[in-house]
Amino acid sequence: MADIVLEARRVTKIYRAGEIETLALSEVDLSIERGEFSALSGPSGSGKTTLLNLLGTLDRPTSGHIFVSGEDTTEMREAQRAHLRLRKLGFVFQAYNLVPVLSALENVEFVLLLQGAASAERQRRALACLADLGLAELAEKRPNEMSGGQQQRVAVARAIASEPEIVLADEPTANLDSKTAEDLLDLMQRLNRERNVTFLFSTHDPRVMARARREIRLVDGRIASDQRRPG
Amino acid sequence: MVTLLRIAWRNLWRGWRRSAVVLSALAIGLAACLVLVGWSHGWIRQMVESAVSTRLALLAVHARGYQANPDVERTLRDGGRALADAIERFPGAAASPRALGDGLAQSARQSARVVLVGVVPEREARVSIVARSFIAGGFPEATPIGVGRSVPGVVVGEALAQSLKVRLGDKLVLHAPGETGLGAFRISGVFRSGSIGFDKSTVFLRLEDAQRLLDVGDGVHEVAIALADPRALAALTAFARAELPRVNPDEALEVLTWKEREPRLAAMLGLMADTAWIAYATMFAGMAFGIANALLMSVYERIREFGVLRSLGLPAARLVWLVLIESLLLTFGGALLGVGLGATLVWVLEHTGIELGSLSTGLSQLGIGTTIYPHLDPGDFVSPLGLAFATALAAAIWPAWKAARLRPAEAVRHV
């Protein structure tokens, strides 16, 4: 039986702004298995980010259910959802989004701190993670002292430091030049292959889609196609 | 918590200009409040000192009923000596029996209504300010026994001397109600207490001369009591109320503090102390809006950052803590600076004094000196720090609530 990490069942999301209702997702069913390197693609407004937010428990569906490692998150209180994110999900955002007043090391440590890891353990794991990603020399630097590519690599380090079930990456290459984007994808692909880290991207970057072993294409809030490629 | 503290601290430095403005405003406001409170304390202390060191005395013993009806015949026995000796067993207490009565002072050219105060100069010197306020002469010497036509001495205030157009050595006739109430005296001393009202209406004479003039035999009307440490007044009062009735068990007494004798003055001073609280509360209420505004701005600027923290799994409650810690750091920083600045200013002014210049004449009428010496007690620093804590909490509520209510999915995309 497949080891399903994330699952959406008949998920619909409607945004309401006053009298106006916008259907962002309609009756979406989707399962992500452990070890996948998948991409949600589609044109702007197709519902990629909405679905990623729902799968990451950052938002609630209008109807349907989201399961994380088999747990139904739909009825969870916000504190429970925060706890679930902390334990099982890693995030990489489009605009780097490191905490600006913390160094690279402290940013990576932060999630471990929230998980309750002891100080020495936190530092050891965070440093090991940065070193593994070739970022050891950036440990003491703050985000404003790093390039965009470096910040995004630190963001990846932060996402995987707590060893989550899956890393959700929202347009991770959108703000990067080609070379930096390729380097970042190399890094994530290596983590997927060597450490079996599961990745799900939302993207319309052809470079990301080309590397994904599964591409789920969304159009108008529905899954238009779901293609798997040999790894 | 240490990491939240670290983030909060660095966030304050990130917007250092805004933090500096809030911090400075708080510090200056608080320092101004402390100077105001110090001024108010100095003023109150001076009024109390002036009142208790001239006519009132810190504590007074009378025959029962004298305060309500100061009848000249309502005297204490035995010149009040036994009572004075008994009260002086209390550490730091000094007692002076006084014979009191209304009278008329008449010079060659003018006359004025006065209060006659008969005292034992050596005892009075330890109780009232007069002995330290002579600008000419001093208390009269005892009239030598056997000297037939020797004229006893009296002491008058400078204002009274001016009003009667007399000087040191001039003659003065004193009238008092009663058959023996007339006598000629020579001015042996002139004083300036700082209270024009007192100086204009009080004549000191030796106790035996006053007793003869008022026709009260060996009686006195009051035993006035001073204390080396006025803070021990409550203990002294309790001591006096317990001990003095045993001195002359059949003599009915009343033991009254200056506040009981002058409730209007006490109420006025209480009102002045309350004014300090109003100043504090107003200042901190204003500051609460300033801090809340600064925090709110800082929250709005960091919506995306807060969204990221929430996405990573930071519970909303800890985000509230983060905003609260920032507010506490800002407020306590400002409060400590303000306390330091205010305490320094008051310390300097306590030593230099604040000269009131053109207001001095009016204030002298109220019994206040012309120079105010601000003063702060250690307790005065407790309330601003307590209020600072309350302000920090109040100011952080709205911004913290805003931060906690952010929806992570929207916040991470906020531009």
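Me: What counts as a strand here, and which residue in the turn of the hairpin of β1(A) and β2(A) has a positive phi?

Reply: A strand is a DSSP run of E with at least two residues, numbered from the N terminus. In this predicted model, β1(A) and β2(A) form a hairpin with two residues between them. The turn residue with a positive phi, about 65°, is Gly18(A).

Me: Which residue in β4(A) is the bridge partner of Ala8(A)?

Reply: β1(A) is also joined to strand β4, residues 63-68 of chain A. Five bridges link these two strands, which run antiparallel. In β4(A), Ala8(A) has as its bridge partner Ile66(A).

Me: Which element gives the most to the side of chain A that touches chain B?

Reply: Between the chains, 20 residues of chain A are in contact with 19 residues of chain B. On the chain A side, α2 (78-88) and α3 (104-114) each supply at least two residues. By class, that side has 14 nonpolar, three polar and three charged residues. With six residues, the element that gives the most is α2(A).

Me: Is Leu393(B) buried, exposed or partly exposed?

Reply: Leu393(B) lies in helix α14, residues 382-404 of chain B. A residue is buried with 20 or more other C-beta atoms within 10 Å of its own, and exposed with 12 or fewer. Leu393(B) has 15 C-beta neighbours inside 10 Å, so it counts as partly exposed.

Me: How far apart in space are Leu393(B) and Leu324(B)?

Reply: In sequence, Leu393(B) and Leu324(B) are 69 residues apart. From C-alpha to C-alpha, their separation in space is 6.8 Å.

Me: Are α12(B) and α14(B) roughly parallel or roughly antiparallel?

Reply: The axes of α14(B) and helix α12, residues 316-352 of chain B, come within 8 Å and cross at roughly 150°. Angles over 145 degrees count as roughly antiparallel. Therefore the relation of α12(B) to α14(B) is roughly antiparallel.

Me: How many nonpolar residues are in the contact of α12(B) with α14(B)?

Reply: α12(B) passes α14(B) in a right-handed crossing. Residues of α12(B) including Leu324(B), Leu328(B) and Phe332(B) take part, and those of α14(B) include Leu385(B), Ala392(B) and Pro399(B). The contact has no charged residues and three polar ones, and its nonpolar residues number 19.

Note on methods:
Residues numbered from 1 in each chain as written. Chains lettered and ligands numbered in written order. Predicted model: local features only at pLDDT ≥ 70, side-chain atom pairs only at ≥ 80, totals over all residues. Pairing = 2+ DSSP bridges. Helix = DSSP H or I, 4+ residues; strand = E, 2+ residues; numbered from the N terminus. Contact = placed C-beta atoms within 7 Å. Nonpolar A, V, L, I, M, F, W, Y, C, P; charged D, E, K, R; others polar. Axes fitted to C-alpha atoms, helices over the stretch in contact; angles between N-to-C directions. Parallel < 35°, antiparallel > 145°, perpendicular 65-115°, else oblique. Left-handed = near helix turned anticlockwise from the far one by under 90°.
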